[in-house]
Amino acid sequence: PPVSKEVKDYLVYIISYMTDASFQSIRSGWKAVLHICAAAAQDPALSEGTIEVAFKVVEKVNADSCYHLFLENFTDGIRALLAFASCKVEKKPGKDGKEAKPEMSVQAIQYLLKAADKLADPQTDLPAASSLSQDPAITDGHPAAVWFPILRGLSMLVGDPRRDVRALALNGVFDILREHGKQVFDEDTWRMVFNGVIKPLFDDIHHQLAPQSDRKDGQGNEGRPDAGHWASMGPPTCLAALTQLVRLIEAHLDVLAFLLDDVLRLIRNCIQHEFEAVARIGVEGFKQLLICTGKNMKPQSWQKVTTCILELFKDSMPTKLMEVDAKVSAQLPFNKDDVVIQCVVQLLLIDMLQDAVSQHYETIPESGIMTLLDALQQSFEFAQEFNRQIELRQALKRLGFMKEVKQLPGLLKQERESLSCSLRILFQVQADPRMSGSEFASRAVDRLLRLCSSVLQNYVNKERILQRSERPDSVESLKDKEATIVEVEREVHGLVPIISEVVVKGLKDLPPKLFEQHVHVLFPLFCELT
């Protein structure tokens, strides 16, 4: 028969009395004591008072004078602390009506961090602990065995609905890794930590953010009691986790460079998330990684980064916009939100790329620079092709895509920003002594001349349309003509700063010899500018 609540209460109070009266005599009995306390913390039927009594017992072995007892029963002690850290016993609101702070859980986490500090101390006799990890590679005696109970336990608390618990657990995981990891982990252990702690931490965050149809457990956010918490706190928690990960990589880049592929894959999963907030956070995290570590990255690491950026540009290209048949389609053949997120990510990636190059151009290898230019070129060419198709854009608006804006759906900003960024980098490449005589030099010159000629010719053509009110061949009605003129005006206004602030300035700042090589090609087009 099940044990009654009264018997459980009585047992906890007996344990408390025993530890008070015969503390030094318990010896090997602490294993059973800690097990009973952990069970009490996990029992929802017990009252707050009973659970607090059990926690005070655990606190006794966490006192400095008795800490050897905790180390001797390390695994059971960690299990008990994690139980109290997770315990959500109901507390009465304070006098001001606000929810009481989870003081017991916070204190339990502090004790977990204390245990980590003790483990990192060379003078501490490490316990012969058995790991709580499910990873069969982490056997008793492995260096990770005594660390995984703490790290994995804290990482699981990152999903706690209580703000203080969540923040302390997240900071605790990465503080331990940043402060102690380099001294106590070898490469194999670091890889185990990434696969067994960091990656599951982000997987848990993504899992909680997933809509109901994508949840493997069949429980969507709508049916969860803390659904409101994850709707508002999930993205900030993801940002905080990415920021902490970047700080860890920055602090130990020399040791953790071998994990760069895994880190980039994790960031890429964030950027490709179906929630726009998480996608934005992913790009922001990537930007932080590049800004903070770029100056210390080796060429092979930069090559991995630039290749990842190129792949992200390809994957987030809103190609579904081209799948609409302007004359036949009766509804959008894609999910509007998904495509909007792709458009947003394209702009964010361009901004990230521009910041990274402006700060770390000298450390990026020549091949990496060309890879980034390829990414920008693809973004520019796709946006330019889409913007030219006025009839397609009208059909998209008619079918409900971006119907809330007055203008036609367009990728004008993507076209402008990718073009501007490409030109700035290409002008920088012309003055780069590393590129002189390299296999990339001629490609860079050809691309620069082609883009400069394209932007100047485009401006001239658009100006002629506006001045003469010419009607393109594809325009069949007055309404279509008016829409075309409006879009042409927007394009012209967008080209002006690119020509004046990027093309003209870039040519002016070129070394005289390079200027003489290029000006004869572009001068006739400059003469046509109005």
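## The loop between helix 17 and helix 18

Met402 is situated in the loop that links helix 17 and helix 18. In this predicted model, Met402 adopts a positive phi of about 55° although it is not a glycine. Most residues other than glycine have a negative phi. Because its relative accessible area is 27%, Met402 is classed as partly exposed.

Beyond its neighbours within four places in sequence, Leu411 is in contact with Pro318, Leu321, Cys343, Phe382, Ala383, Phe386 and Asn387. Pro318 lies 93 residues from Leu411 in sequence, yet their C-alpha atoms are 9.8 Å apart.

Helix 17 covers residues 390-398, and its buried residues are Ile390, Leu392, Arg393, Gln394, Ala395 and Leu396.

## Nonpolar cores

The largest nonpolar core comprises 149 residues, and Phe84, Ile150, Leu154, Leu245 and Phe286 have the most contacts inside it. Helix 9 (residues 187-209) supplies the largest share of this core, with 10 residues. A second, separate core of 17 residues includes Phe334, Phe386, Ala395 and Leu411.

Within the largest core, Phe286 is among the residues with the most contacts. Not counting residues up to four places away in sequence, Phe286 touches Leu264, Ile267, Ile271, Val305, Cys308, Ile309, Leu312 and Met352.

Note on methods: Residues numbered from 1 in each chain as written. Predicted model: local features only at pLDDT ≥ 70, side-chain atom pairs only at ≥ 80, totals over all residues. Heavy atoms only, no water. Buried < 20%, exposed > 50% of the residue type's maximum accessible area, 1.4 Å probe, protein only. Helix = DSSP H or I, 4+ residues; strand = E, 2+ residues; numbered from the N terminus. Contact = heavy atoms within 4.5 Å. Core = buried A, V, L, I, M, F, W, Y, C linked by side-chain atoms within 4.5 Å.
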